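Try each task before you read its solution.

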Amino acid sequence: MTDLSLTPEGHEARRIRLFGLVAALAMAGLLSLFGSERVSRPIFDQWQRLSPRSAEPTKVEIVWIDEASIRTIGPWPWPRYVMAKLVAKLEEDQPQLIGLDMLFPEADRSSPDAFVRLYPELSATSTTEIRSMPSMDSLFGQVIGQAPVVLGRGGLDVTPVNDPPAMAVEARFALPLPRGVKTWGQAIANIPALDDVGLGHGLLNGDPDSDGTVRYVPLAATVAGQATPGFALEMARIASGIETLVPVPDGKGLEGIWLGRTWLPTLPDGRMRVPYRAETGRTALSALDILYDLPPSARVKAKVVIVGLSGAGTADVISTPLSEKTYGAVVHANALQAILDGRTLSRPGWAWPFEGLLAIMVVGVAIRVLPLFRGAEVALGAGAVIVLIFGGSWAAFTQGLLLDPVGPVLMAAAAGMAMLVLLFAKARRDRVALTASLQEQRLGAARAAGELSAARDIQLGMLPKRAELAGFDPALELDALIEPARSIGGDFYDTIRLDTDRVCFLVGDVTGKGVPAALFMALSKALTKSVLLRDGDDLATAMTRLNDEIARDNGEDMF
């Protein structure tokens, strides 16, 4: 049996497959260098658009400080008296929890002292009366202290100060956060009159990715040296009546956090991917609905409420996978809803090994099978594999799993493209060689045709011409015609005058066709004429001798 691996074709196939393997490894290196997560972002965004979480039912409501509110009340930031009234009105509607997605790091600009400084021409009596009024920050703090309010904080990515002031963190962590978790050097906190009375505090940061899209919120981070929960996690903790959060570290950072019996997977830096919900068809709930007891403010009862900003000048405009323009409260509301439902998006620990094994399998199949396919078979096979991989990724996404289809497909595509380039080059070389061989065959055929034509002329020239036969003897009428089945053949005829009274007519047919028959015909004709002219007196003897001569040295047994 022939070993194909030792043939030139076998060596060529091995070289093509090796080149495909090198291309796949090079693509794996590039993905590792630049991060496959960046490449897979558009795919996971597309899955979110194709399969968003259901908008209803919802445990979270957003009360918007929107354009209508700002036109009615005034530009943002509102006086603390208005904010105190808004929170107090919300409390009357009996929500489970209120979260303020905003910061109050400065004193109220409309405080009595600020008002007096703004109008120095006021009389002493008026100044005294105004100064005797209570601080609106204190009033707002009293309302916050009486209502279940969670306040926000903002992390600053700056160098930590020495001995930063202690900040109240109500959430307890069963374990210290690992070193891989995001660290903010300092924090923007609310003024003490507000910060000290909040029911809970959470981190508001939800920084966008490099393309400007917000996909993650921090579940936990270290802020000014203190372990701090994210805003959504803190609200979920309080709404669930849980005191202690249990972080689970892994070798790189944080694997996830247990909120009671709810597992919340995270990236190593403590961020959670937000599973966005479809837009609800309900009318947005405006702060005016709450302040002026307009319907449908009753729908906040027993709900977790987030007060967010959407009016002009509030600078909280962001982009998400589902919307190019929305607001920060939407991110926190979606994250909070996912935590309360226990339906988050996770990238399990076995994702990397699984994707690696899948890539090895796909690349192996491509390297083994691609050289055997031709034309449309390659496109159909590649299309089927891509559909299967991306379809599996989408099916996993619907179950809350993030499995990257891009890495295996890109590695297989790199191997396939490299092999296709070499196969194309090989096919072109083979085509050139085939064209040259065909041209050589054509030249050979032309030469053979010319030689056969010359042989035909020589063969026919050995036979008597019809004009010679017509003038052979006045007493005889002779004529003959020969048409070989091929260019040349083994048939022949002749007329020989034996003496003045005798004429011999010859008709012969050599076995076979083509050149061998023609050669044997020429030999037979020459021998026949020679023998008859020499021994023609006795035809029997002449034919016997002729037969002996023809049979001599006749290895092919022609006759």
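**Exercise 1.** Decide whether Ala302 is buried or exposed.

*Solution.* This is a predicted model, so every value here is computed from it.
Step 1: take the relative accessibility of Ala302, which is 54%.
Step 2: apply the cut-off; exposed means over 50%.
Step 3: Ala302 therefore counts as exposed.
Step 4: locate the residue. Ala302 sits in the loop between helix H10 (287-291) and strand E16 (304-309).
Step 5: check the backbone. Phi of Ala302 is near 65 degrees, a positive value in a residue other than glycine.

**Exercise 2.** Find how Gln94 is classed by its relative accessibility.

*Solution.* Step 1: the value for Gln94 is 47%.
Step 1: buried means under 20%, exposed over 50%, and partly exposed lies in between.
Step 2: Gln94 therefore counts as partly exposed.
Step 3: Gln94 belongs to the loop between H4 and strand E2 (97-100). Its phi is positive, near 60 degrees.

**Exercise 3.** Name the edge strands of the sheet of four strands.

*Solution.* Step 1: write the order, E4-E11-E12-E13; the sheet is open and its pairing mixed.
Step 1: look for strands with a single partner. These are E4 (172-173) and E13 (262-265), so one side of each has no neighbour in the sheet.
Step 2: turn to the pair E11 (residues 244-249) and E12 (residues 254-259). They run antiparallel and are joined by four bridges. In one of these, Val248 has Gly256 in E12 as its partner.

**Exercise 4.** Which peptide bond is cis at Pro77?

*Solution.* Step 1: the bond joins Trp76 and Pro77, with omega about 5 degrees.
Step 1: Pro77 lies in the loop between helix H3 (67-73) and helix H4 (80-92).

Conventions
Residues numbered from 1 in each chain as written. Predicted model: local features only at pLDDT ≥ 70, side-chain atom pairs only at ≥ 80, totals over all residues. Heavy atoms only, no water. Pairing = 2+ DSSP bridges. Helix = DSSP H or I, 4+ residues; strand = E, 2+ residues; numbered from the N terminus. Buried < 20%, exposed > 50% of the residue type's maximum accessible area, 1.4 Å probe, protein only.
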